[in-house]
Amino acid sequence: MMENNISTQQKPQGMTLVVKKICQFIAPTIFLFGIYVTIHGHLSPGGGFTGGVIMASAFIFQILSDGSILDKLRAEKWRLELTESLAIFTFLMLAVLGLLIATASVFFANFLPVGKLGDLISGGIIPIGNVIIGIEVCAAITSIFVALLIFKDEESL
């Protein structure tokens, strides 16, 4: 019992209540901005990698403000790794579909209509690839951050 109280006291409790509440408001806004950058990547500067980093920063922002969720993150780390792996697999399948469906027989060949220049629904498979890359990058960067937190926590014991 005594040991449990000591370990509870040593765990980081995060920031103050004001910072936690502000982060709870700002993090979803940052995440939505990341989705915007990812979806509009074929029309404006940005894309899957940039949007994924922005989306990951929303999660990292939440993790930093609420330090008490480290145990939950440790238990849920496998979901980040699964999401990352599924995104990589889906990206590879998109490339193979281009090889199999398109008449050009080229890896990553476009097999969807390209649409009208400047429209959101345009660019063939590029927006789909951007979304998949965004998911993969978001999961990867968040996973790296969680792994560093876990490493630091285990090293301090």
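**Close-up 1. Ring pairs join Phe91, Phe107 and Phe108 into a cluster.** Rings of Phe, Tyr and Trp (its six-membered ring) count as a pair if their centres lie within 6.5 Å. This is a predicted model with residues numbered from 1 along each chain as its sequence is written. Local features need pLDDT of at least 70, side-chain atom pairs count only at pLDDT 80 or more, totals for chains, interfaces and linings use all residues, and side-chain values use heavy atoms, leaving out hydrogens and water. The structure holds 4 aromatic pairs.

**Close-up 2. Phe33 and Tyr36 form a stacked pair.** Stacked means planes under 30 degrees apart; over 60 is edge-to-face, and the rest are tilted. Here the rings are 6.5 Å centre to centre, with 20 degrees between the planes. Both residues lie in helix H2 (residues 17-39). They sit 3 residues apart, about one turn of the helix. Helices (H or I, at least four residues) are DSSP runs, numbered from the N terminus. Phe33 counts as partly exposed because its relative accessibility is 47%. Tyr36 is partly exposed too, at 46%. Buried means under 20% relative accessible area, exposed means over 50%, and partly exposed falls in between (1.4 Å probe, protein chains only).

**Close-up 3. Phe91 and Phe108 form a tilted pair.** Their rings are 5.0 Å centre to centre, with 50 degrees between the planes. This pair links distant parts of the chain, 17 residues apart. Phe91 is in helix H4 (residues 70-101). Phe108 is in the loop between H4 and helix H5 (126-155). Phe91 has 26% relative accessibility, so it counts as partly exposed. Phe108, at 35%, also counts as partly exposed.

**Close-up 4. Thr38 is buried in helix H2.** Its relative accessible area is 4%, so Thr38 counts as buried. Which residues does Thr38 touch, not counting residues up to four places away in sequence? They are Gly47, Gly48, Gly51, Gly52, Met55, Asn130, Val131 and Gly134. Contact means heavy atoms within 4.5 Å.

**Close-up 5. The largest nonpolar core has 7 residues.** They are Ile60, Ile63, Leu70, Leu73, Phe145, Val146 and Ile150. Helix H3 (48-65), H4 and H5 each give two or more residues to this core. H5 gives the most, with 3 residues. A nonpolar core is a set of buried Ala, Val, Leu, Ile, Met, Phe, Trp, Tyr and Cys residues joined through side-chain atoms within 4.5 Å. Leu73 touches Ile63 and Val146, not counting residues up to four places away in sequence. In soluble globular proteins, nonpolar side chains tend to be buried together.
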